[in-house]
Amino acid sequence: MKLDATSNAASFAPPSERYDVAVVGAGTAGCAEALAAARRGARVLLADENPLAAGLIGLDVPLRYGGRATSAVQTPARMVERIAAATPLLAEAFDAGIDVRLGTCVWGAWLPAPASRALPGRLLGLADETGSWLAGFDELVVAAGARDLAIGFAGAELPGVVGACGFASLLQRYGAFAGRVLTVIGGGALAADCVALARANGLRVAAVVDLAAAPSAALAAVEDMRMLSGHVPLRAVGGADGVSALVAADVAGGEPKTIACDTVVLAVGVVPMVEIPAVLGCRMTFDAGRGGHVPVLSADGRSSLDMVRVVGDAAGVACDQDMLAWMQALHATGGAEVPACLCEEVSRGDLLGVRPPRYLGAGPAPQPPVDPGGAPNPDHIKRLTRAGMGVCQGRRCREQVAALLALDSGRPAGAIPLASYRMPLRPLPLHLLAPAEEPEGMQENWRIWFDIPSMFTDHRDIPVGDEA
Amino acid sequence: MAVPGGDVVVIGGGATGLSAAWWLAREGLRVVVLERGLVGWEASGRNGGGCTHPFSPLFREEQRLWPQMDDLLGHPTEWRPNRIVMADTESELAEMEADCRAAARDGFHAEMLTPQQLHELVPIAGPDKAGGAFWHFGGHANPQRTVQAYAWAIQALGGRIVQHTDVTGFELSGGRVTAVVSAAGTFGCDAVVVAAGPQTGVLAGWLGVHLPVTPARAEIIVTEPLPLMAHGGINSTELYGRQTLRGNLVYGGGPHEWLPPADLGRDRPTTPLVRNLAKRLARMFPGAAHARVLRHWAGVIENTPDGRPVIERLPEPDNAVVATMSSVGFGLSPATGHAICDLVLRGRCDFADLRSLRLARFANLPADWRERRGWVPPDGTGTA
Ligand SMILES: Cc1cc2nc3c(=O)[nH]c(=O)nc-3n(C[C@H](O)[C@H](O)[C@H](O)COP(=O)(O)OP(=O)(O)OC[C@H]3O[C@@H](n4cnc5c(N)ncnc54)[C@H](O)[C@@H]3O)c2cc1C
């Protein structure tokens, strides 16, 4: 039998690189996994996207850097040395013969499946600043860490609104943090860690804004810092240089407070980076105490797909804050005009009213999408409002959108399905994704649509015969 | 024959089924749409949005209806008129001239573009294209917005849409379908419309009818927003797609994967083809080569052996209409729904000649038609 030459049967050549074990993320967990695999004699890839291309940092991908990186991040080569020096396990990994790739992101992962049979095995999509390529693997270890849980308030799009992970990354990994005076948002261990980290690096923490009525012991013990308990951010104010002050709302209705600062650190929570397990189809579960949607794992980190393990923060991060309570207070104090999605400028009101985007002109009266009785589906709402469709790929709004939909429909956070992740998992330029070479025949057999000539025959030229 | 006030069950909440239900609801019938997932979750919400099908008997109606759809449905579809096609070579240009002449047969106007004119209309295309054509007809719309608009319009007319509901069978009596059996219970009906996309063949089989159709998976990519061009509907000879009104480029084309005809469930995997699509989009629009790709998805498409739709009121059971669009169903959907409505109500379509879409053309189709065409999964496994 001859296969349709215009189908994808011959679209994928076996990749030139192949690994027994591919580890995504060269943090402590990833390095340990890679070293253990190398000791077993495996051929190992250890890929980490840091140092990132400055363009991604500017887009808040994958962390919320909030425009507070110094120009040092524009010389990634120097950053490589810094990262290598700061991560002793990396040197060990090099010595162990592991293929260590810094500045290399994993933007795709594919497994052969009943509806995808042309792949020459299990594949990863990799990219650095010079190009993209595919690599084969037998086992995948996702040690991608966590990203920022963004919360919204007026002015949150200003430079200077950073996430706890973005802040720590710029400060520790890159030594390239541009802020000086901070306000930290949050009341749990994460907020206390951010305060401690800032102070240890000689930065001033002007205030902590915390929803809880009273501070945790750790925060209460910090001297020389304003503690605004029972408050949530109301509005960041500032100009082209970014934030100059944060106005905090008293959830009990008292006067708003203004804190002068150049940076607001969002430290309510972090989110496990589950995008790779999610696109691969690993079974997921919702656990608010571990950062939301996390893969279902066995004791040794094995996911529902045998060849995929998830370790470290990507598997779940302890969370002591109630995201829904925060979102409720932010919504009650900030109102419906506050952006839910920064890239696409979708307000909370637009989102909950399922309003078409503003560039379509005065839209019709808002209506909920059809699904009486069902939980609101963020994918569905996304398609109609565009919330989450922007260039940060939803990283700055995903959790807020889900929380707003949960609150609005009176459901627990876990009742809202996880919005689909889609590849490429990093927003990469067309020219970078483009392969230098293609399998033989691809160009020749490339068609704009199916190669069925009679599909495009003018119906008047088609004999309809006796039955006419 | 169904009459106003009668009950019609439409199976499939894609563009075809939704449009049919909307037309039927406008005629005063009580419609219920049964959809196993969410409306427009399959091809109808995942396609390129092209609304330009000059070869189809439903072309005139497609062209007549689209400019009115926002008003008729009461919600924006993001429809925009006209289409630009770009050529890299002289022979491609010659083919485009032939297309222009074909359009003229239907009274539609198209003109050739010089490289300079093309460059002015499509600045990101770069200066070195051979030329192109501008179609003063056709257009494109936002599939997701359109399917939702159909759904809202149906509800506004009192129709019901039941999602997350798999149809599992029919109840037949006296040569008619009397009820549709589903996960959400049994729905009695005076007429039924089967518009289940690639599954239409399976459901037709339950009615004792052989309807050859087979699924294939195709992929599409989306970039970040770019400055808006005057006309967003631009094809090359390699890629089809559009610039959305937000500015994103949404483009597809190239190899598809034939799937086994048996239902493979809801998995719609993508592949590294995103890179080959990116390569061609950068080549098509050199001025946009820096644009970031934000998303990539796959959709499952229905195809009949000759690539043309089947739209037919069955002789038996005679209150059933089956419709599968063979991969050009989004743009035609306003017209398809109209045709299906006519078939349900009157047993014939007066505004278009649907004879070329009849099922009888496949009467002598060999059983191994998929294998003969090589329309089988890439691992060459049989299609059973
Ligand atoms: C990438 C891509 C690009 C395309 N580009 C274009 C384009 O530019 N222009 C164009 O006109 N067309 C295009 N198409 C084709 C077009 O999308 C389809 O022809 C069209 O959407 C078919 O619509 P439909 O309603 O007939 O089928 P579908 O959209 O497949 O809908 C059928 C529905 O039936 C439901 N269903 C199936 N079985 C059952 C059951 N047992 N019970 C209940 N429900 C069931 C399914 O869940 C589905 O929602 C493209 C398709 C793809 C995937």
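Of the 468 residues in chain A, 57% count as buried, where buried means under 20% relative accessible area, exposed means over 50%, and partly exposed lies in between, with a 1.4 Å probe and protein chains only. Before I go on, please keep in mind that this is a predicted model, in which local features need pLDDT of at least 70 and side-chain atom pairs count only at pLDDT 80 or more, while totals for chains, interfaces and linings use all residues. Residues are numbered from 1 along each chain as its sequence is written, chains are lettered from A and ligands numbered from 1 in the order in which they are written, and side-chain values use heavy atoms, with hydrogens and water left out.

Let me stay with chain A for a moment. Its secondary structure comes to 14 helices and 22 strands; helices (H or I, at least four residues) and strands (E, at least two) are DSSP runs, numbered from the N terminus. The C-alpha trace of chain A spans about 85 × 65 × 45 Å along its principal axes. How does the radius of gyration of chain A agree with that of a compact globule? With 468 residues such a globule would have a value near 23 Å, and chain A has 24 Å, which agrees; the radius is taken over C-alpha atoms, and the globule rule is 2.2 Å times the number of residues to the power 0.38.

Now to chain B, where three strands form an open, antiparallel sheet in the order 7-8-9. Two strands pair if DSSP finds at least two bridges between them. The edge strands are strand 7 (167–173) and strand 9 (185–188) of chain B, each of which pairs on one side only. Strand 8 (residues 176–182) of chain B is joined to strand 9 of chain B by four bridges, and B:A179 stands opposite B:G188 in strand 9 of chain B.

A second open sheet of chain B has four strands in the order 4-5-3-12, with mixed pairing. Strand 4 (110–113) and strand 12 (234–235) of chain B stand at its edges with a single partner strand each, so one side of each is left without a neighbour in the sheet. Strand 3 (residues 80–87) of chain B pairs with strand 12 of chain B in the parallel sense over two bridges, and here B:I84 stands opposite B:I234 in strand 12 of chain B.

Which residue of chain A forms a salt bridge with B:R280? The partner is A:E438, and the closest N and O atoms are 2.7 Å apart. This pair crosses between chains, from B:R280 in helix 8 (residues 273–284) of chain B to A:E438 in the loop between helix 13 (430–433) and helix 14 (442–445) of chain A. B:R280 is buried, with a relative accessible area of 1%, whereas A:E438 is partly exposed, with 22%.

How values were computed. Salt bridge = Lys/Arg side-chain N within 4 Å of Asp/Glu carboxyl O.
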